[in-house]
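Here is a short report on one protein model. Have the sequence and the structure open as you read.

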Amino acid sequence: MKSIFPLTAVLLTALASPLYAFDVNFGDDSGEWSNDDECDDPRFAGPGMTSTDLLVDDVLRDATDCQTAYQAGQLVLRGVDADGTIDFGDDSGEWANDDECDDLRFTGAGMTGTVLLSEDVMHDATDCRSAFEAGNLTLAGQ
């Protein structure tokens, strides 16, 4: 008779782990400020974030710091609910309603070709929602 212990251990381990609506790609540790115990990736928000200016160059480049803080409940993805629902924000950004998404949380063919700024996060809702719903955007790192 085979033991069911290995299966039981796997199930208990899975149940003890936090459940997320989707997997987050934290990237790598190639950023200048990686491994300093502060998340520098502007896709996130919370007490685990750095207090310095957030740079687009740090998206997906501070994996260890961000993943550690995320798993400890110190970070959330900006504008994404626990069930994976995206809050696109508003249209208060300088480049809103120009048919290009300027929100650095996204990637894909619907993105602007210009420099992305952290202050545009959640401030180009109509453009980003339209491109996302058309299949031309995904969340960065998904």
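## A charged patch

Asp81, Asp83, Asp87, Asp90 and Asp91 form a negative surface patch. Patches are built from residues with over 30% relative accessible area and no salt bridge; like charges are joined within 9 Å, and nonpolar side chains (Val, Leu, Ile, Met, Phe, Trp, Tyr) within 5 Å. Asp and Glu count as negative, Lys and Arg as positive, while His and the chain ends are not counted. The place of a charge is NZ of Lys, CZ of Arg, CG of Asp or CD of Glu. Accessible areas come from the Shrake-Rupley method with a 1.4 Å probe, and for residues only the protein chains shown count as cover.

Take Asp83. Asp83 sits in the loop between S2 and S3. Its relative accessibility is 55%, so Asp83 counts as exposed. The terms work like this: buried means under 20% relative accessible area, exposed means over 50%, and partly exposed lies in between (1.4 Å probe, protein chains only).

## About the model

This is a predicted model: local features need pLDDT of at least 70, side-chain atom pairs count only at pLDDT 80 or more, and totals for chains, interfaces and linings use all residues. Residues are numbered from 1 along each chain as its sequence is written, and side-chain values use heavy atoms, with hydrogens and water left out.

## The overall build

The protein has three helices and four strands. Helices (H or I, at least four residues) and strands (E, at least two) are DSSP runs, numbered from the N terminus. From that end, the elements run α-β-α-β-β-α-β. Of the 142 residues, 37% count as buried.

At 14% relative accessibility, however, Ile86 counts as buried. Ile86 and Leu139 are 53 residues apart along the chain, and their C-alpha atoms are separated by 9.1 Å.

## Two disulfides

How many disulfides does the structure hold? There are two. A disulfide is a pair of cysteine sulfur atoms within 2.5 Å. Number the bonded cysteines in sequence order, and the pairing reads 1-2, 3-4.

Cys39 lies in the loop between helix H1 (5-16) and strand S1 (44-45), and Cys66 lies in helix H2 (residues 63-71), so the pair ties together parts 27 residues apart in sequence. Cys39 and Cys66 are buried. Another disulfide joins Cys101 to Cys128, S to S 2.0 Å. With 90° about the S-S bond, the link of Cys101 and Cys128 is right-handed. Cys101 is in the loop between strand S2 (76-77) and strand S3 (106-107), and Cys128 is in helix H3 (residues 125-133), 27 residues apart. Cys101 and Cys128 are both buried.

## Two salt bridges

Side chains of opposite charge can pair when their charged atoms come close. A salt bridge is a side-chain nitrogen of Lys or Arg within 4 Å of a carboxyl oxygen of Asp or Glu. A search of the whole structure finds two.

Arg43 and Asp41 meet in a salt bridge, at 2.9 Å from N to O. Asp41 is buried at 0%. Asp103 and Arg105 also meet in a salt bridge, at 2.8 Å from N to O. Asp103 counts as buried at 1% relative accessibility, and Arg105 is buried at 3%.
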